[in-house]
Amino acid sequence: MSAVLSPSRPVTDLGFPPDAAKLAFGSSLSANAGGDDSAPRAGAASGGPGESVPAGARAGASAGRFAHEPVMLTEVLALFAPLGGGLVIDATVGGGGHAQAILERRSDLCLLGLDRDPEAVAAARERLARFGERARVERARFDRLSDALAAERARRGVADRAVFPLVAVLFDLGVSSHQLDVAERGFSYRHGGPLDMRMDPEVGPSAADVVNGWGEARLAALFAEHGEERFARRIARAVVAARPLFRTDVLAEVVAGALPAAVRRRGHPARRVFQALRVAVNEELEQLPGAIDDAIAALAPGGRCVVLAYHSGEDRIVKERFRQAATGGCVCPPGLPCGCGARPLVRLLTRSSRQANSEEKAANPRADAARLRAVERLDETEEPLS
Ligand SMILES: C[S@@+](CC[C@H](N)C(=O)[O-])C[C@H]1O[C@@H](n2cnc3c(N)ncnc32)[C@H](O)[C@@H]1O
């Protein structure tokens with residue numbers, strides 16, 4: 001077998017080498033690729049072989065009805081354009097919008113999509129089915145990225161990183177429009193539904209558990225920290241007084257009622273509290289730093305990691321993990337040559353975060369908050385900082 005997929009291969013060479021394709025997607029494989037709030041959608045979803053999909057999820061999403069417009073797609077595709085052939089991990093595959101565009105654009109790339117939400121997994125499998133063995137979608141949290149990659153390499157019979165390099169990892173964080181749209185998922189402050197908000201409906205406490213179980217001070221800290229809510233304490237007081245709360249619309253009313261009448265702010269009055277609850281319920285920020293570090297560690301030289309964040313808590317983590325990887329953890333005083341032996345793992349492709357252009361922001365409200373950052377993995381033989 002001579003075919004080696006190198007991240008430094010010219011972009012113009014778009015044909016996936018036939019031998020490499022066979023190696024990477026051998027015949028033993030059964031590939032299983034199968035805006036904000038609006039009206040609920042319904043549809044049939046199917047799980048992949050060997051996967052148990054909760055009954056609730058089966059009534060949730062099929063690709064056609066999984067509404068989600070991929071954010072900053074042009075920018076993501078441009079960042080992926082210089083990559084050589086190999087594997088891309090879409091760590092938050094959602095409905096497969098970014099994934100589909102990547103696979104369409106580059107026939108020398110294969111994709112492993114991860115998502116913790118069984119409805120997203122079903123929708124992405126259906127949407128990516130036409131790419132056959134080039135695409136696989138697995139139900140997994142992104143903090144299991146290393147395990148998922150190892151399992152993928154084992155399934156494809158290519159343990160050698162040089163033969164089957166990981167050339168890119170994409171994180172498009174937060175919730176999908178689909179999750180917000182389906183009232184029963186309990187993410188939306190606009191639609192009445194159960195206070196749930198779990199991306200994986202089989203795991204962890206629901207938003208109702210948090211709202212009804214946490215003390216007032218802890219709720220206030222949550223709303224302040226993860227919602228950046230100025231009136232966190234008075235909202236927490238009102239929430240505790242109104243308990244028990246089991247419905248999204250009732251909680252939204254309690255929050256709105258707790259705000260001073262004179263306050264005029266952008267967006268729905270409950271937006272920040274709902275964001276904070278969602279972050280806590282899904283442990284969103286806890287999983288992120290390690291997942292970014294794992295992604296960087298797994299990338300082949302020249303490979304790229306691109307992250308789209310939607311609130312400042314997420315973006316701070318992305319910025320910090322990228323900075324850490326770009327300095328190699330150097331502790332030397334700024335301006336002096338590095339004497340601590342730190343080796344940078346990446347170079348920053350974005351000095352500060354990038355935003356969607358005004359047309360995209362106008363067309364897709366989700367794009368308004370998006371902050372994109374990207375890094376490129378350096379060669380391990382790179383000289384230490386000097
Ligand atoms: C913004 S959507 C991704 C949309 C996708 N890029 C597209 O174009 O269709 C984010 C997805 O990430 C998933 N997600 C969020 N946190 C996750 C985690 N820790 N592990 C795996 N999936 C996660 C959500 O379930 C959701 O489907």
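Hi everyone, the protein chain here has 15 helices and 7 strands. Helices are DSSP runs of H or I with at least four residues, strands are runs of E with at least two, and both are numbered from the N terminus. This is a predicted model, where local features need pLDDT of at least 70, side-chain atom pairs count only at pLDDT 80 or more, and totals for chains, interfaces and linings use all residues. Residues are numbered from 1 along each chain as its sequence is written.

Of the 386 residues in the protein chain, 48% are buried. A residue is buried with 20 or more other C-beta atoms within 10 Å of its own, exposed with 12 or fewer, and partly exposed in between, with C-beta atoms placed from the backbone.

Let's turn to strand β5. All 6 of its 6 residues, 304-309, are buried, so β5 is largely enclosed by the rest of the structure. Arg304, Val306 and Leu308 point one way, while Cys305, Val307 and Ala309 point the other way. In a regular strand, side chains alternate between the two faces of the sheet.

Phenylalanine 171 has valine 307 of β5 as its bridge partner, and leucine 308 stands opposite leucine 372 in β7.

Finally, a loop: proline 82 sits between α3 (73-80) and β1 (86-90). Proline 82 counts as partly exposed because it has 15 C-beta neighbours inside 10 Å. From C-alpha to C-alpha, proline 82 is 9.3 Å from glycine 303, though they are 221 residues apart in sequence.

Technical notes. Pairing = 2+ DSSP bridges.
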